[in-house]
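Here's a quick briefing to read alongside the model. Have the sequence and the 3D view open as you go.

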Amino acid sequence: MGYVDIHCHVLPGIDDGARDMDETLKMLKIASEQGISDMIVTPHYKQGRVGTPRQAIGEMIEQVGKYAALSGISIRLHPGTEIYYNSSLEEKLESGWLAKMNDSDYVLVEFSPLETFSYIRNAIEDLFGLGCHPILAHVERYQCMLSNVDNVRILHDMGCRIQVNASSIEGVFGFKIKHFIKKLLKERLVDYVGTDAHNCKTRAPEMTKCAEVLRKQCDAAYVDELLFGRAQKELLVMK
Ligand SMILES: [Fe+2]
């Protein structure tokens with residue numbers, strides 16, 4: 001088994017990710033060459049703005065799979081969504097309209113980068129209350145986390161999973177973010193790594209460089225857990 005990318009926008013033409021099937025296939029080829037064997041596709045959902053129902057995501061995965069096979073690309077795709085939190089998600093989650101992570105109880109959730117910590121904490125509690133297990137997308141993007149690692153610890157202690165983007169680990173977004181992630185890794189507050197890929201150039205599905213950086217900072221068992229182990233255990237194995 002290769003790396004598992006739990007956060008990417010590779011489905012064609014449904015959000016600000018891959019524009020069309022051609023770009024989707026180019027992204028999948030890159031991902032495969034980077035050692036990724038499984039991707040949970042996470043198109044954006046934002047109430048009143050953008051969103052794709054679970055059923056349509058499944059149909060697209062099937063279609064993309066056929067094209068990928070014809071192009072000789074071997075990669076497994078699984079359904080998911082990156083949910084921009086609002087307080088009225090109940091109906092869409094309970095009816096199954098929104099795709100959870102590979103149809104598990106886990107949901108990938110994001111907020112405005114400037115959102116307050118108390119709002120995020122309450123939202124995480126709300127999601128647990130709805131029977132979901134939240135994964136906070138790209139924790140390094142929120143000011144309230146960057147300015148206080150204790151806030152990440154509080155969410156982690158609540159059972160919220162923490163996801164970091166591979167490019168941030170590499171240092172693409174500068175020293176401050178790289179240093180913040182280093183602190184999180186030291187305290188084992190990171191649970192998942194995702195590429196958050198949107199295209200095949202500036203935001204490509206790359207994992208190799210990030211894996212090299214992680215291997216310098218963490219022990220081998222933790223690196224394996226971050227790059228595939230936890231995903232395999234929590235998201236890819238159906239209970
Ligand atoms: Fe994303």
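**The sheet and what packs around it**

β6, helix α4 (residues 117–129) and β7 form a right-handed β-α-β unit; right-handed here means that, with the strands pointing away from the viewer, the path from the first strand over the helix to the second runs clockwise. Helices (H or I, at least four residues) and strands (E, at least two) are DSSP runs, numbered from the N terminus. Residue numbers start from 1 along each chain as its sequence is written. Keep in mind that this is a predicted model: local features need pLDDT of at least 70, side-chain atom pairs count only at pLDDT 80 or more, and totals for chains, interfaces and linings use all residues.

**Sheet**

- Six strands make an open sheet, in the order β3-β5-β6-β7-β8-β9, with parallel pairing; two strands count as paired if DSSP finds at least two bridges between them.
- At the edges sit β3 (44–45) and β9 (192–194), each of which pairs on one side only.
- Strand β7 (residues 133–136) pairs with β6 in the parallel sense over four bridges, and Leu108 has Ile135 of β7 as its bridge partner.
- On to β8: β7 pairs with it in parallel over two bridges, and Ile135 is partnered there by Arg161.
- β8 and β9 are parallel too, joined over three bridges, with Tyr192 of β9 as the bridge partner of Gln163.

**Core**

- The largest nonpolar core has 70 residues, and those with the most contacts inside it are Val10, Met39, Val107 and Val109. Such a core is a set of buried Ala, Val, Leu, Ile, Met, Phe, Trp, Tyr and Cys residues joined through C-beta atoms within 7 Å.
- Helix α10 (residues 220–236) supplies the largest share of this core, six residues.
- Leaving aside neighbours within four places in sequence, Val109 is in contact (C-beta atoms, placed from the backbone, within 7 Å) with Ile83, Tyr85, Leu127, Pro134, Ile135, Leu136 and Ala137.

**Helix α8**

- Ile177, Phe180, Ile181 and Leu184 are the buried part of α8. A residue is buried if 20 or more other C-beta atoms lie within 10 Å of its own, exposed if 12 or fewer, and partly exposed in between, with C-beta atoms placed from the backbone.
- Looking down the axis of α8, the buried residues fall within an arc of 95°, so they line one face; the arc is that of the directions from the helix axis to the C-beta atoms.
- An α-helix has 3.6 residues a turn, so residues three or four places apart point the same way.
- That buried side of α8 packs against α5 (143–146), α6 (149–158), β8 (161–165) and α7 (166–170).
- Turned away from the buried side are the exposed residues Phe175, His179, Lys183 and Lys186.

**Positive phi**

- Most residues other than glycine have a negative phi, which makes a few spots worth a look.
- Asn102, in the loop between α3 (90–94) and β6 (106–110), has a phi near 50°; with 21 C-beta neighbours inside 10 Å, Asn102 counts as buried.
- Asp196, in the loop between β9 and α9 (208–217), has a phi near 55° and is buried, with 25 other C-beta atoms within 10 Å.

Key. Contact = placed C-beta atoms within 7 Å.
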